[in-house]
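Please find below a short note for the file.

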Amino acid sequence: AWQLRVQMDEVLDNCQDMGFNTVFLQVRPSGDALYKSDIFPWSRYLTGTQGTAPSDGFDPLEYAVNEAHKRGMQLHAWINPYRVTNSSNDNGKLAANNPAVSRPDLVLTDSSGKMYLNPGEADSIDIILEGIREIVRNYDVDGIHMDDYFYPYPAKGMDFPDDASFARYGGGFTNRADWRRSNVNILIQKIHETIRGLKPWVKFGISPFGIYRNEKNDPLGSKTNGLQNYDDLYADVLLWARNGWVDYNIPQIYWKIGH
């Protein structure tokens with residue numbers, strides 16, 4: 001753990017020297033935790049084995065919050081909400097206390113073999129919300145952050161296997177895409193309400209994929225021809241912004257400056 005402290009000090013010193021005012025620490029890469037949690041197992045990225053705690057009681061999130069604040073910077077805790085495994089190779093390496101192990105009925109596997117909490121299940125949302133409550137209650141974070149992993153990125157010819165859930169819960173929708181967007185919208189609204197109810201000063205931000213929609217499909221879209229949040233990831237970023245459910249968007253615009 002001393003190595004992690006040294007590395008974190010170096011990163012934070014560099015950020016301070018370069019004039020940054022906010023640091024993002026990914027604390028839930030996939031159904032796990034880089035902090036002491038009663039809901040998610042310790043991340044394998046800390047010790048090599050999911051569920052194994054750092055030997056000396058080191059809590060990366062607690063340390064990062066304190067050290068960032070000492071340097072005059074905010075610390076936002078970054079989570080991946082639905083993702084349980086980042087590779088099919090990890091599917092058999094889940095700790096016994098992973099929510100995906102205790103509630104296998106909530107888990108779906110995409111075409112690449114990665115496991116996800118099913119966005120169509122209310123209990124999946126409750127687990128995600130409880131995880132956020134735990135962070136906001138127990139740590140002096142300045143924000144909760146999520147990136148672009150909502151429904152999985154589409155694979156050619158392979159759809160996300162949520163037929164059973166749509167049949168069970170999608171009765172109010174004629175269009176499965178609208179139902180999927182509604183599932184994500186519910187999560188985003190509830191995260192907003194949860195954070196506001198606990199600590200109103202804590203920000204909620206998202207780094208969505210860099211295209212909302214393409215102009216050819218929507219006059220509010222951009223002059224682009226790429227994958228679309230709204231249509232492909234079922235993330236209605238414009239709705240979230242208009243409704244005030246997110247405090248900031250930092251779009252992921254990983255394209256050459258020529259665009």
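1. The axes of helix H5 (residues 122-138) and helix H7 (residues 176-198) come within 10 Å and cross at roughly 25°; axes are lines fitted to C-alpha atoms over the stretch in contact, with angles from 0 to 180 degrees between N-to-C directions. H5 is therefore roughly parallel to H7 (angles under 35 degrees). Helices are DSSP runs of H or I with at least four residues, and strands are runs of E with at least two, numbered from the N terminus.

2. This is a predicted model: local features need pLDDT of at least 70 and side-chain atom pairs pLDDT 80 or more, while totals for chains, interfaces and linings use all residues. Residues are numbered from 1 along each chain as its sequence is written, and side-chain values use heavy atoms, without hydrogens and water.

3. H5 passes H7 in a right-handed crossing (the near helix is turned clockwise from the far one by less than a right angle). On H5 the contact (heavy atoms within 4.5 Å) involves residues including Ile 125, Ile 128 and Arg 133, and on H7 residues including Asn 183, Lys 190 and Leu 198. Ten residues of this contact are nonpolar, two polar and three charged.

4. The largest pocket has a volume of about 280 Å³. Of its 13 lining residues (an atom within 4 Å of a point of the 1 Å grid), Met 8, Val 11, Phe 24, Leu 25 and Ala 64 are the closest to the centre. A pocket is an open set of points where a 1.4 Å probe fits, with protein on both sides within 12 Å along at least five of seven lines; its volume is the space filled by probe spheres set on the points.

5. H1 (2-17), E1 (22-28), H2 (44-47) and H3 (60-70) each supply at least two residues of that lining, and the largest share, five residues, comes from H1. Twelve lining residues are nonpolar, one is polar and none is charged.

How values were computed
Ala, Val, Leu, Ile, Met, Phe, Trp, Tyr, Cys and Pro count as nonpolar, Asp, Glu, Lys and Arg as charged, and the others, Gly among them, as polar. Angles under 35 degrees count as roughly parallel, over 145 as roughly antiparallel, 65 to 115 as roughly perpendicular and the rest as oblique.
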